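Here is a walk through a two-chain model, written for someone who has it open on screen. Have a look first, then read on.

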Protein chains: 2
Amino acid sequence: MKKYSFGIDVGGTTVKCGLFTAEGELLEKWEIKTRLEDNGGNILSDIAAAINQKILEKQLDKDDVAGVGIGIPGPVDENGEVPFAVNLHWGHVYIEKDLSALTGLPVKAANDANVAALGELWKGGGSGYHSMILVTLGTGVGGGVIINDRIVAGSHGAGGEIGHAHVDDSIEETCNCGNRGCLEQVASATGIVRLAREALAGTDAPSKMRVDDLTAKDVWDAVKEDDALAIQVAERFGTYLGKALATLATVTDPQIIVIGGGVSKAGQVLLDYVTEPFQKYAFPAIKGTEFSLATLGNDAGIYGAAKMVL
Amino acid sequence: MKKYSFGIDVGGTTVKCGLFTAEGELLEKWEIKTRLEDNGGNILSDIAAAINQKILEKQLDKDDVAGVGIGIPGPVDENGEVPFAVNLHWGHVYIEKDLSALTGLPVKAANDANVAALGELWKGGGSGYHSMILVTLGTGVGGGVIINDRIVAGSHGAGGEIGHAHVDDSIEETCNCGNRGCLEQVASATGIVRLAREALAGTDAPSKMRVDDLTAKDVWDAVKEDDALAIQVAERFGTYLGKALATLATVTDPQIIVIGGGVSKAGQVLLDYVTEPFQKYAFPAIKGTEFSLATLGNDAGIYGAAKMVL
C-alpha cells in the first residue's frame, strides 16, 4: 500500500500542487507559475522539479509514492496524451509518458473539470457516493460525470461537457463553442447576468438588480432579499439547469448531483431553484436524486488528481 | 478460458434463449413460454430447466460454461436483484442468486434494454467500438449507454432511459412514465404517428399519409416517395431525436450512436434525418460521432446477455 500521492492542477496562470496521504489528507499545498513561453515547453519540467524537490524536502521514499495525477485544461485521450491545450499554448503532448520520465513516478492525466469532479466525489460534496454529476457554474459552465468511481472521459475527450448541452432554440448569440443556445449561455455567471439584463429591459419595475456592473452575485443577493424580478431570473435559471440535469440524469442515473463553481456560493437558495424543475422533468425513478453543493472550491482539482493514482 | 455461455432475454410472453460460443457464435436459439401465473414464480425454474436440459442434450461440460446472462424487463440493481418487474408480475426477486442456485452456474442480470445495447456493441451495429449510445424506437423508446465496454446501469436502475429525456414543453398529454414531453412521445412508432396526425390535421394538402390506421411505416414509406407532408414529419422527428442525442452525447461522448427498434427498419433515410440536427446541436468536438443502424433485431438481447458473463 502506497502512502502518498501528488495532485497537480494545471491552469493558464498557475499550477496548483498538493501532496496527499493515501487516505486523502492534504499534507501540503503550493503553487508554481505556469510558464507559457516556448509553447509551454517548460511546464512539465517545472512540475517535475517541484515534485522532485518536495520529495527531497520531505525525505519521502519514492517507493511510498503512488504517483502523480494531473488535471489539464483541455482534452486528454485514452492514451494519456493531450492533442492540444490552447490555454497552455500546447500542441500534442505525451503528458503521462513525459512527466513519468521526468519524475520516475507513474502519472495519470485527465481533463481538469473531470478531475475536479473526482475530487468532489472523494472528499467533497459527493463524498461517500460512487456516481455523480458535477456541474461547475463559473465564468463558463463545466462539469464531469463519474460512474462507479470512474471519470467518463469520453471518446473525443468531451465527456462531461455539460455547459454545451443545448437548452434554448431562441438564443441568437454564439456560444464560445460556436453553437447557439448552450446551457453555458444561461447558467454561467455571465449567463445569469444576461438573463437579468433581459428581465430588467422588459419592465420599468424597481429592482435591486438595477446597479452598475451587475454581477451574478448581485442577482442572488437580490433573490435573497425577495426582489420580485430577481426571483423571476432565478426561476428561469433554475428551469434551464434543472431541466438539463433531468435529461442527463435520466440517462446516466447518478446517486448525487453536485453544483460548484463561483456562482454556487449563493448557497442553498440556488439548489432550491434547481431541484424543483429537476423533479418535474426527471424520469420518475430518479426524481429523488440527491443534490449538494461542492465543498472543495479551487482545491477540487488537486484532490481529484491525487485520487487518480491511488 | 470458458467455451460457452447462455444468453437469456425474458419478455412478458416468451423467454428467448441462446447458447453461444465464447467468440460470439450463436450455436442454438430457442424460446420458452413466460408463465406469469403465481406472480411469475415459475419463470426462473423454467429457465433453469431449459438450460440444464440443453447442457445435457449438447453433452456440455459445465466447467466449460462461463455462466448465464439474463435480461429483465425492469430495473436490476447493483446486487443483481430485481426490486419489481411489472410485466413479469414480480415483486422483489434475488435473480442472480436464485438462478445461480438452480443452474449451478454464475449468473449476471441486467435491464433488457441495456443488455440489448451490449449485444449490439458486441456483434451488431456497434461492433468494434467500446462506447456507444443505443436508442431503440419501437412501441416505446428505450436505450442503453455503454462506456468502456460496460453498461451504465444507473444508481436507481434507470441508466439509459433515453425515451424519457424531456424534449418538448408544449405536449399536454401524459407519457406512460407520468411526465409530459418525453422523447418517447414524439420518436416512438406511436409518437411518429402522433406527429403525422398533427401535420395532417393542420392542412388540406394531399398526402400519401391519408390512410386508415396510419402506422410509422406508412409515414417513412411516404417520406421515401417524397411526400411533402411526410418529409415535414420526418424533419420534426429528426430534430427531436437528433437534438436529444446531441445533448446526451455532449456529456457521455460515445464513439458511435446506434439506432434500433422496429421504426429503424426505415433504414438509412431515418439516420439522415437524425444526423443533420445532431451535428447542428452537438458540441464541436463530437459533431463527427458515428451513427449506424442496429443489426441484431430481436436477438440483441440474447447476444448481450451471453456477453455479460464472458
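Predicted model: local features only at pLDDT ≥ 70, side-chain atom pairs only at ≥ 80, totals over all residues.

Residues are numbered from 1 along each chain as its sequence is written, and chains are lettered from A and ligands numbered from 1 in the order in which they are written.

The contact takes 35 residues from chain B and 35 residues from chain A, where two residues are in contact if their C-beta atoms, placed from the backbone, lie within 7 Å. On the chain B side, β7 and α8 (228–252) each supply at least two residues; helices here are DSSP runs of H or I with at least four residues, strands are runs of E with at least two, and both are numbered from the N terminus. The biggest giver on that side is α8(B), with 7 residues. By type, the side of chain B that touches chain A has 17 nonpolar, 15 polar and 3 charged residues (Ala, Val, Leu, Ile, Met, Phe, Trp, Tyr, Cys and Pro count as nonpolar, Asp, Glu, Lys and Arg as charged, and the others, Gly among them, as polar).

**Strand β7 and its sheet**

How many residues of strand β7 (residues 141–147) of chain B are buried? It is 7 of the 7, so the strand is largely enclosed by the rest of the structure. Buried means that 20 or more other C-beta atoms, placed from the backbone, lie within 10 Å of a residue's own. Val141(B), Gly143(B), Val145(B) and Ile147(B) point one way from β7(B), and Gly142(B), Gly144(B) and Ile146(B) the other way.

In chain A, an open sheet of 5 strands runs in the order β8-β7-β6-β9-β10, with mixed pairing. β8 (150–151) and β10 (290–293) of chain A stand at the edges with a single partner strand each, so one side of each is left without a neighbour in the sheet. Strands count as paired if DSSP finds at least two bridges between them, and these are some of the pairs:

| Pair | Sense | Bridges | Example partners |
|---|---|---|---|
| β6(B) and β7(B) | antiparallel | 6 bridges | Leu134(B) and Gly144(B) |
| β7(B) and β8(B) | antiparallel | 2 bridges | Ile146(B) and Ile151(B) |
| β9(A) and β10(A) | parallel | 4 bridges | Val258(A) and Ser292(A) |

A hairpin of 3 residues joins β6(B) to β7(B). The hairpin of β7(B) and β8(B) has 2 residues between the strands, and there Asn148(B) takes a positive phi near 50 degrees.

**Helices**

Helix α4 (residues 112–123) of chain A lies across β6, β7, β8 and β9 of that chain, at about 55 degrees to β7(A) (axes are lines fitted to C-alpha atoms, for helices over the stretch in contact, with angles from 0 to 180 degrees between N-to-C directions).

Among the buried residues of α9(B) are Leu270(B), Tyr273(B) and Phe278(B). What covers the buried residues of α9(B) includes α7, α8, β9 and β10 of chain B.

Terms used: Buried ≥ 20, exposed ≤ 12 C-beta atoms within 10 Å, placed from the backbone.
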